[in-house]
Amino acid sequence: MRSTMSHNGEMKAPPPGAEMYTRAGRSTYLRINLDFLYNNISILKQQCSPHTADVIAVVKANAYGHGSVEISRYLESRGVGHFAVATPEEGAQLRQAGIKGHIQILGNAVEEDIPTLVNNRLTPTVAELNFLQEWSRAITADPVSSNNAGNDTISSNKVTDSHALQARVRKRHQLVLKIDTGMSRNGCQTQDFPSLIQFCQTQGLTVHSVMTHFSQAWDNPHFTKQQLNTFTTLVEPLRTSGVKVHVANSAAIIRGFGTQLDFIRPGICMYGLPPDASTETAELVESLGLRPVLSWCARPTLIKQLPQGRVVGYDNTYMTRGTETIATFSLGYADGYNRLMSDRGVVSLDEDDVRCPVVGRVSMDAITVRLDQPRPSPTTFNIITDDFTSPNSVTKMAAILGTIPYEVTTSLAARLPRVFMSGGHIVAVTKSLMTDER
Ligand SMILES: Cc1ncc(COP(=O)(O)O)c(C=O)c1O
């Protein structure tokens, strides 16, 4: 249930006023609470050993729908130095937005990625020797004197000695080796790891770190331990020579797997959401003090009094039962409000815990909602709340849809404006992936 006091004791932000809509340029926007984001990271770090050097903030898929550029800028300003995205293009987007830190591309590295990787100083996740050979050739040929992205551009007139130059090239371009310890998706087979590491050593390539990924850290401790054992057996000898290692996603961090290693890689819990849609998981995540970073606000663009017997929306799935107040919100499945929420979703008002059902089909650009009573059109409704238990929380929506919280937020469209808040103030607004305004 929503409370007026947050877990860290701050008063809840007042209901958003007209300024939010003006800045968003639309009758709907996502409100992103950066203070919660930072607080969530602090909570996750507290689960780890003090030796864990840094967080690799997983900001792929537009930071799980939250807006990767602003999320990364904010985190970088708060001292986070490592980011992970899925594709080279996502990494290039962050570089172009001025992110200086280490950016790892989590997807299996393939040859066609190489130009984007090298030009943007992005770190590939490597599982194959063929790729490594091609990439190694490309970084050697990298015109290091050119003005590549990043904060450590090398000037050839300053570096005259070719060995020193080569060394700097190799330091500038780093790679992560990934071992498949049982998930059978990305990463090299365990028996291939020695030849990969040997190639890196003989070629003098900079291995930023070695990683693996758990398939079921939340609810399969036996299998997760097996994965961890396989991993540590392979990498332990390397750690003494300074190679860094990491394994822990959100579920592993909370369950305590791999939290004594060099990095953690939180995604979903950093955004204050549980890794599955069950009530028990949500309660556990909530009990740690994590808070959902995202909420979705909207106000009606039209409100009508309709008599009994009127059908509402495509396919006439809903008919008014009496005189009803039907509000149209200009948002739909093209914004990420799933069509399967038709006749199942609710939107809410903070005051008095009012909940109003979505009636009729969710259209591409509109939903229709039966209001409890006529209300002034500037009234702000929550399409998604920032708690765990309301029927319109991310968690409950995922449960209704038979999916996981990840899918609910990553489905939020780029065209939805995102309003970023910190200390009760708007600190940034994004209106699409490509434009931003401060
Ligand atoms: C390799 C890797 N590490 C970390 C994460 C973050 O996972 P989570 O969002 O469950 O914390 C992901 C997400 O899919 C991933 O693919």
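**Shell around the ligand.** I started by sorting the ligand shell by class: 7 nonpolar, 4 polar and 4 charged residues. I'm working from a predicted model here. The shell comes to 15 residues, and I noted K60, Y64, S250, I268 and Y406 as the closest.

Next I looked up N and O atoms of the protein beside the ligand. R265 puts a polar side-chain atom 2.8 Å from a ligand nitrogen. For G267, I found a backbone N or O atom 2.8 Å from an oxygen of the ligand. I268 also has a backbone N or O atom at 2.8 Å from a ligand oxygen. Then I checked cover: on its own the ligand has 390 Å² of accessible area, and the protein covers 92% of that.

**Where it sits.** Which pocket does the ligand take up? I get the largest pocket. I put the space in that pocket at about 630 Å³. Its lining has 29 residues, with R185, H213, F214, N249 and Y406 the closest to the centre.

**Lining of the pocket.** By class, I have the lining of the largest pocket down as 15 nonpolar, 8 polar and 6 charged residues. Which elements each supply at least two residues of this lining? I wrote down helix α3 (60-64), strand β4 (102-108) and helix α11 (250-255).

Technical notes:
Residues are numbered from 1 along each chain as its sequence is written. This is a predicted model: local features need pLDDT of at least 70, side-chain atom pairs count only at pLDDT 80 or more; totals for chains, interfaces and linings use all residues. Side-chain values use heavy atoms; hydrogens and water are left out. A residue is near a molecule or strand if one of its heavy atoms lies within 4 Å of it. A polar contact is a pair of N or O atoms within 3.5 Å; within protein, one must be able to donate a hydrogen and the other to accept it, and residues adjacent in sequence count only if both atoms are side-chain atoms. Accessible areas come from the Shrake-Rupley method with a 1.4 Å probe; for residues, only the protein chains shown count as cover. On a 1 Å grid over the protein atoms alone, a cavity is a set of points where a 1.4 Å probe fits but cannot get out, and a pocket is an open set with protein on both sides within 12 Å along at least five of seven lines; lining residues have an atom within 4 Å of a point. A molecule sits in a cavity or pocket if more than half of its atoms lie within 2 Å of its grid points. Ala, Val, Leu, Ile, Met, Phe, Trp, Tyr, Cys and Pro count as nonpolar, Asp, Glu, Lys and Arg as charged, and the others, Gly among them, as polar. Grid points are joined across faces, edges and corners, and a volume is the space filled by probe spheres set on the points. Helices (H or I, at least four residues) and strands (E, at least two) are DSSP runs, numbered from the N terminus.
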